[in-house]
Amino acid sequence: MRILFLLILFQQIFTSNMIPQETEKRFRARELGIVVGILPTVKYNAITDVKGVKVGHKTIIMGDSIRTGVTVIIPHEGDIFKDKVPCAFYAGNAFGKFAGSTQIEELGELETPIALTNTLAVPKVADALIQYTLEKSGGEIRSVNPVVGETNDGHLNKIQDRVITYQDVLDAINSASSGEVEEGSVGAGTGTIAFGWKGGIGTASRVLPKNLGGWTVGVLVQTNFGGILTINGAPVGLELGKYYLKDELEKADGSIIIVVATDAPLMPHQLKRLAKRAMLGLARTGSPSTNGSGDYVIAFSTNPNCRVKSTDDYRPQTIEVLPNPALSPLFQAVVEATEEAIYNSLLKAKTMTGYKGRKVEAIPIDKVMEILKKYNVLNYDKKFKLR
């Protein structure tokens, strides 16, 4: 009986350490009346609104020091290595580690899921993607280009322990699904910080009118950066007294990974143009993209009509792509979706305590609402009440 009692007690203590987040209910931007831009969202207002795209998380919270994880974005349900999708990479500021970027720059192809994690876990996650691809695709594969982005969660997470395993990456892949995407302090966003508050994973989508093609753009972000937070033009960071260069003590360094998906038929050079516009959405939230920030964008198209098939036949292939003038509405879509995804990452994240007892507060929604009302930047579809 004494042994059983000790086991139960240990389980209770361990479980309490596994759940360091507070229970306050959190809301997405649109639930609060924060409507970004002019274009409509799709069903889930998420990157998974782009047909075929799936997202999976593995959240790793252990004891009082480990606050990290993995997030994966899968472009389609088939064999990605054998059915590569057009892809582009853009570095707004390259203080970071983004595995696989040089081959994407050269060939314009994505051949593995995109994985997001913490800085020191990039090699282990890349190795896991290689193993996963070898097991899934079979045959005598001699080269795999794993794609892994990162931000540094070392404030809340004992990053030096490098706890992420192959099984963690596989769990994230196996959990990937279409539909609603969990946001906030989950997966690769478990231990991140943005604008001085708890950051995390956020997502949003936009769809163009039918006469402009009806194409969908979805964005997912991993936020871990600083600046002077602005929401729909309202100076939230200034009003709350937490912003870059305040008393020359606050730091804005950090990173953000922005993943852009679309079903529009675009070639890699066009996708790179789309990726560059995501930085405008980042800027609208108040980021100056500082020296110590790794600001990376990866963009891909799921449209099968613009894929170059892998073949030993050297004859020309016929593909379909949009003319360049048709990209302007897509630029608007990616700017809006990026901005809103960043807001969602903040608003959905919860207060967390981690390594060395450090505590990072969630952004106070009630105070944010007061500021947004003051500056008259809310757009209610229906009356909203905090509850």
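Which side chains meet in a salt bridge with an N to O distance of 2.9 Å, one of them being that of Lys 272? The partner of Lys 272 is Glu 105, and the two side chains meet at 2.9 Å, N to O. A salt bridge is defined here as a side-chain nitrogen of Lys or Arg within 4 Å of a carboxyl oxygen of Asp or Glu. Lys 272 lies in helix H6 (residues 268-284) and Glu 105 in helix H2 (residues 101-107), so this pair ties together parts that are 167 residues apart in sequence. Helices (H or I, at least four residues) and strands (E, at least two) are DSSP runs, numbered from the N terminus. Both residues are partly exposed, Lys 272 with a relative accessible area of 24% and Glu 105 with one of 44%. Buried stands for under 20% relative accessible area, exposed for over 50%, and partly exposed for values in between (1.4 Å probe, protein chains only).

The model is predicted, and local features need pLDDT of at least 70, side-chain atom pairs count only at pLDDT 80 or more, and totals for chains, interfaces and linings use all residues. Residues are numbered from 1 along each chain as its sequence is written, and side-chain values use heavy atoms, with hydrogens and water left out.

In total, the structure holds 14 salt bridges. One of them joins the side chains of Asp 83 and Arg 307 at 2.7 Å, N to O. Asp 83 is in the loop between strand E2 (66-74) and strand E3 (85-94), and Arg 307 is in the loop between strand E12 (294-301) and helix H7 (327-348), so the pair ties together parts 224 residues apart in sequence. Asp 83 is partly exposed at 25% relative accessibility, whereas Arg 307 is buried at 8%. Another salt bridge, of 2.9 Å from N to O, is formed by Arg 284 and Glu 339. Arg 284 belongs to helix H6 and Glu 339 to helix H7, 55 residues apart. Arg 284 is partly exposed at 37%, while Glu 339 is buried at 3%. Salt bridges with shared partners also join Arg 30, Arg 206, Glu 336 and Glu 340 into one network.

Ser 205, in strand E9 (residues 201-207), is buried with a relative accessible area of 0%. Its side chain makes a polar contact of 2.7 Å with the side chain of Asp 49. A polar contact is a pair of N or O atoms within 3.5 Å; within protein, one must be able to donate a hydrogen and the other to accept it, and residues adjacent in sequence count only if both atoms are side-chain atoms. A polar atom of the Ser 205 side chain also lies 3.3 Å from the backbone nitrogen of Val 42.

Asp 168 is placed in helix H4 (residues 166-175) and is buried, with a relative accessible area of 10%. The side chains of Asp 168 and Lys 58 are joined by a polar contact of 2.8 Å.

Four strands form an open sheet in the order E1-E2-E5-E6, with mixed pairing. Two strands pair if DSSP finds at least two bridges between them. Strand E1 (54-62) and strand E6 (147-151) are the edge strands, each pairing on one side only. E2 and strand E5 (residues 114-118) pair in the antiparallel sense over three bridges.
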